[in-house]
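Q: Please walk me through this structure, one feature at a time. I would like to learn how to read each one.

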Amino acid sequence: MGSVMPSSKIRRTALALAGAFALVPAAPAPAAGNVVPGRYVVVLEDTAGDPGAIASDHGRRLGVTERTHVYRHALKGYAARIPAARLDAVRSDPRVAFVAPDREAELLAQTLPTGVDRVEGDASTTRAGDGT
């Protein structure tokens with residue numbers, strides 16, 4: 001049967017771990033992309049209705065134009081052009097959680113599947129399977 005660790009030893013262990021983690025340098029924050037002037041991402045409350053319908057409503061009533069995307073999975077919302085004079089009206093809609101400036105994004109790298117990387121299939125056409 002195992003023994004129970006005394007609380008004083010638990011505290012010392014926790015302090016040692018906290019001190020060790022304090023020595024690990026923090027990872028740099030990812031660089032934010034350039035803000036796209038006049039374009040915003042409107043994030044809706046979880047309880048809001050259909051994001052496409054809300055974006056259409058905002059278009060009719062609040063002058064939201066050029067909707068580029070409707071988000072339905074990771075979050076509810078949409079991306080669109082919003083005139084600066086109408087931003088406060090969009091933000092004050094009770095269905096809106098927040099509005100953030102839209103930013104440029106760039107893909108930097110691909111990840112190889114483990115098996116392809118293991119046999120260096122990306123570096124050798126023979127190993128990649130064409131037989132030459």
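A: Start with one residue. Arg39 lies in strand β1. Helices (H or I, at least four residues) and strands (E, at least two) are DSSP runs, numbered from the N terminus. This is a predicted model: local features need pLDDT of at least 70, side-chain atom pairs count only at pLDDT 80 or more, and totals for chains, interfaces and linings use all residues. Residues are numbered from 1 along each chain as its sequence is written, and side-chain values use heavy atoms, with hydrogens and water left out.

Q: What pLDDT does the chain average?

A: pLDDT is the predictor's confidence in each residue, from 0 to 100. Here the chain averages 77, and 66% of the residues score at least 70. Residues 13-30 are a stretch to read with care: pLDDT stays under 50 there, and the model has one contact beyond four places in sequence for them. Contact means heavy atoms within 4.5 Å.

Q: How many helices and strands does the chain have?

A: Five helices and four strands. From the N terminus, the elements run α-β-α-β-β-α-β-α-α.

Q: In what order do the strands of the sheet lie?

A: Strands of a sheet pair through backbone hydrogen bonds, either parallel or antiparallel. Two strands count as paired if DSSP finds at least two bridges between them. In this model, four strands form an open sheet in the order β2-β3-β1-β4, with antiparallel pairing. The edge strands, β2 (65-71) and β4 (96-103), each pair on one side only. Neighbouring strands of this sheet are turned by 25° against each other on average, direction ignored. Axes are lines fitted to C-alpha atoms, for helices over the stretch in contact, and angles run from 0 to 180 degrees between N-to-C directions.

Q: How many bridges join β1 to β4?

A: Six, and the two strands run antiparallel. Tyr40 stands opposite Pro101 of β4. Five bridges join β1 to β3, where Arg39 stands opposite Arg81. Four bridges join β2 to β3 (residues 77-81). There, Thr65 stands opposite Arg81.

Q: Is Arg39 buried or exposed?

A: Buried means under 20% relative accessible area, exposed over 50%, partly exposed in between (1.4 Å probe, protein chains only). Arg39 counts as buried because its relative accessibility is 9%. Buried residues make up 21% of the 132 residues in the chain. Beyond its neighbours within four places in sequence, Arg39 contacts Glu66, Thr68, Ala79, Ala80, Arg81, Pro101 and Asp102.

Q: What phi does Glu66 have?

A: A positive one, about 45°, although Glu66 is not a glycine. Glu66 lies in strand β2. At 49% relative accessibility, Glu66 counts as partly exposed. Its backbone oxygen lies 3.1 Å from a polar atom of the Arg39 side chain.

Q: Where does helix α2 lie?

A: Helix α2 (residues 51-62) lies across β1 (35-44), β2, β3 and β4, and runs at about 165° to β2.

Q: Which residues of the largest nonpolar core touch the most other members?

A: A nonpolar core is a set of buried Ala, Val, Leu, Ile, Met, Phe, Trp, Tyr and Cys residues joined through side-chain atoms within 4.5 Å. The largest one here has 16 residues, and Val42, Tyr78, Ile82, Val90 and Val99 touch the most other members. β1, α2, β3, α3 (87-91) and β4 each supply at least two residues of this core. Tyr78, leaving aside neighbours within four places in sequence, has contacts that include Tyr40, Val42, Ala55, His58, Tyr71 and Val90.

Q: Where is Asp93 found?

A: In the loop between α3 and β4. Asp93 counts as buried because its relative accessibility is 8%. Outside four places in sequence, Asp93 is in contact with His58 and Arg61. A polar contact is a pair of N or O atoms within 3.5 Å; within protein, one must be able to donate a hydrogen and the other to accept it, and residues adjacent in sequence count only if both atoms are side-chain atoms. One of 2.7 Å joins the side chains of Asp93 and His58.

Q: How far apart are the C-alpha atoms of Asp93 and Leu44?

A: They are separated by 9.5 Å, with the residues 49 apart along the chain. For the chain, residues 24 or more positions apart account for 61% of the contacts with a separation of 6 or more.
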